[in-house]
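Q: I would like to go through a structure with you, step by step. Could we begin once it is shown?

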Amino acid sequence: MSAPSMTLFHNPASPYVRKVMVLLHETGQLDRVTLQHSQLTPVSPDATLNQDNPLGKIPALRLADGNVLYDSRVILDYLDQQHVGNPLIPREGSARWRRLTLAALADGIMDASVMIRYELALRAPEKHWDQWLDAQREKIRRALAVLEADAIAELTSHFDVAAISVACALGYLDFRHPDLEWRKTHPQLSAWFTEVSLRPSMLATQPPV
């Protein structure tokens, strides 16, 4: 077995990192990547990561030639073109734009969820901006409603970039925001997520307890 040729700045708690890890598992590329743990927050950066990604965000993927890719969407696109199986991101046509749009919707859920997490975890309670927090939660609710109403059949059909992204977004809600109780109002999405959570790639990338 050859030595890993790429380095992934990694934290198992990040839903964006989890997307990349799931794709690596699904496409059989895990042994090509060395994981470099990165513990950071917006107010506590990682100096080593900043050298490779000036935005100071994970994931970032250092390639064998030293070039660095970021963010998760770019990394997923790159890795999906490095394996011999069926692509997880359609290469062209309406299917490409639809699947990427669903993935973007999932990314929006992650974005709002992470911002809520930072506000609650990093700011003193008396400084919490309740109206802003409610607005982020409403973004999540709207996105989940669209997935429940319009995307279940598509998510069920392929475990591709859209399904991976939605699954990781829902997993992060369970991990950081169980108080939202999203399953109560989204039974089809809940049933789908229960099923895909049993995939080896999802089991292997669960966030830390």
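Q: Which side chain does R199 meet in a salt bridge?
A: The side chain of R199 meets that of E26, at 2.9 Å from N to O. A salt bridge here is a side-chain nitrogen of Lys or Arg within 4 Å of a carboxyl oxygen of Asp or Glu. This is a predicted model, in which local features need pLDDT of at least 70 and side-chain atom pairs count only at pLDDT 80 or more, while totals for chains, interfaces and linings use all residues. Residues are numbered from 1 along each chain as its sequence is written, and side-chain values use heavy atoms, with hydrogens and water left out.

Q: Where in the chain are R199 and E26?
A: R199 is in the loop between helix 8 (187-196) and helix 9 (200-203), and E26 is in helix 1, 173 residues apart. Helices are DSSP runs of H or I with at least four residues, numbered from the N terminus.

Q: Are R199 and E26 buried, partly exposed or exposed?
A: R199 is partly exposed, with a relative accessible area of 31%, and E26 is also partly exposed, at 28%. Buried means under 20% relative accessible area, exposed over 50%, and partly exposed in between, with a 1.4 Å probe and protein chains only.

Q: What about R123, which partner does it have?
A: R123 forms a salt bridge with E119, and their closest N and O atoms are 3.2 Å apart. R123 is partly exposed at 39%, whereas E119 is buried at 9%.

Q: New topic: which domains does the chain have?
A: The domain assignment gives domain 1 (6-81) and domain 2 (93-199); such bounds come from an automatic or database assignment. The contact between them takes 14 residues from domain 1 and 17 residues from domain 2, where contact means heavy atoms within 4.5 Å.

Q: How much area is buried between domain 1 and domain 2?
A: About 1,300 Å² is buried, and carbon and sulfur atoms give 68% of it. Buried area is the accessible area (1.4 Å probe) that two parts lose on being put together, summed over both.

How values were computed. Helices (H or I, at least four residues) and strands (E, at least two) are DSSP runs, numbered from the N terminus.
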